[in-house]
Amino acid sequence: MARTALVTGGTRGIGAAISKALKADGYDVAATYAGNDEKAAAFTEETGIKTFKWNAADYDESKAGIAKVEEALGPIDVVVANAGITSDAPFHKMTPDQWKEVIDTNLTGVFNTVHPVWPGMRERGFGRVIVISSINGQKGQFAQANYAATKAGDLGFVKSLAQEGASKGITANAVCPGYIATEMVMAVPEKVREAIISQIPAGRLGEPEEIARCVTFLASDDSSFINGSTISANGGQYFA
Ligand code: CAA
C-alpha cells in the first residue's frame, strides 16, 4: 500500500518540487498552502496532488487540517515541514512583529505540523520527519536574525526527535538548502543576489528538484539508519 506524505507549503517553490517528487515515487501526497486558492487549484490541476489550506502558524488549524488529510488519504507516514517565510531587515531595523511572524510560521509551524502526526507514527512504528532548514540556519545571514534563528532551531528540533523516535522506527532529519531559484530568493535585490551567486562555488543557484531528491531519499527505506542528520545542498557555499 502506498505511504502517505504531507508537505507543508507544498504547492510552490521547493515545496512543490518535493510534492511532485514524492508523488513520482508512489506516495499519496497532500500539499498544504496558506493563502492563494487559485494557485493551489492550478497546482492540483497540473499534478493531481490534493491540496489543503491552513495556516501552519496556528496549532488548532494544523491539527484540524491534518485530521482532514488523514481522513482523505490515510495515516501520515512522511511529514515534510517546509512552509516558511522571510521578513528580512538588519537587526536594528527589525520590528517585534517581523521577529514574531517569522518565528511563528517557520519554527512554531514545524511544531504544529509534526506534533499532531507524532503519536500515530509512534503507534504504527514507522515515520519520517523531514524539516526544511536552510544554509542560513547554519551560517547566519545579514538581515535574517529572525529567519536564521528559526532555521538553526530546526536542527536542534530534529536532533531531539531523532533520539525520541529511533526506538519507534521514526527518523527525523533536516535538509539545509543553499540559495535555490525560487520566488523567495528572486525577491532579494538583484545586486545582492548577484553577490550571493558569486559566493557559490558551483556558480549558480540550486534547482528545487535538487532539494526534492534529498527529501525523497530521506523519506525512503534506504535512509533507515540516518537519524538526526542534516543534508546540506548548497553548491559548496558552506560546509557544516
Ligand atoms: N553583509 C554586510 N553588509 C551588508 C550586507 C551583507 N550581506 N547586505 C547589506 N549590507 C549593508 C549595506 O551595504 C548597507 O550598508 P551602509 O548602511 O553602510 O551603506 C546596509 O547593510 C544596508 O542598509 P539599508 O538601509 O540599505 O538596509 P535595508 O533596511 O534597506 O535592508 C536588506 C536591505 C533587507 C538587507 C536587503 O539588502 C536584503 O534583502 N538583503 C538580502 C538578505 C538575504 O540574503 N536574504 C536571504 C533571502 S533568501 C532565503 O532566505 C532562502 C534561504 O534559506 C537561503
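User: What should I know before I read the numbers?
Analyst: This is a predicted model, where local features need pLDDT of at least 70, side-chain atom pairs count only at pLDDT 80 or more, and totals for chains, interfaces and linings use all residues. Numbering starts from 1 along each chain as its sequence is written, and side-chain values use heavy atoms, with hydrogens and water left out.

User: OK, ligand first. Which residues come nearest to it?
Analyst: Asp88, Lys93, Ser134, Gln144 and Tyr147 come nearest, out of 19 residues around the ligand. A residue counts as near if one of its heavy atoms lies within 4 Å of the molecule.

User: What does the side chain of Asp88 do with the ligand?
Analyst: One of its polar atoms sits 2.8 Å from a ligand nitrogen. That's a polar contact, meaning a pair of N or O atoms within 3.5 Å; within protein, one must be able to donate a hydrogen and the other to accept it, and residues adjacent in sequence count only if both atoms are side-chain atoms. Tyr147 has a side-chain N or O atom 2.6 Å from a ligand oxygen, and for Tyr179 the distance from a polar side-chain atom to a ligand oxygen is 3.4 Å.

User: How much of the ligand's area does the protein cover?
Analyst: On its own the ligand has 1100 Å² of accessible area, and the protein covers 56% of that. Those areas come from the Shrake-Rupley method with a 1.4 Å probe, and for residues only the protein chains shown count as cover.

User: Switching topics: how many salt bridges are there?
Analyst: Seven. The rule is a side-chain nitrogen of Lys or Arg within 4 Å of a carboxyl oxygen of Asp or Glu.

User: Which distant parts of the chain does the Asp221 and Arg3 pair link?
Analyst: That salt bridge is 3.0 Å, N to O. Asp221 is in the loop between helix H10 (208–219) and strand S7 (230–233), while Arg3 is in the segment before strand S1 (4–7), 218 residues apart.

User: What about Lys53 and Asp37?
Analyst: They meet in a salt bridge at 3.1 Å, N to O. Lys53 is in strand S3 (residues 50–53) and Asp37 in helix H2 (residues 37–47), 16 residues apart.

User: Which residues are linked in a network?
Analyst: Arg12, Lys39 and Glu183 are linked in a network of salt bridges.

User: Last one: where is Ile226, and what is it in contact with?
Analyst: Ile226 is in the loop between H10 and S7. Beyond its neighbours within four places in sequence, Ile226 is in contact (heavy atoms within 4.5 Å) with Thr171, Asn173, Phe217 and Leu218.

Key. Helix = DSSP H or I, 4+ residues; strand = E, 2+ residues; numbered from the N terminus.
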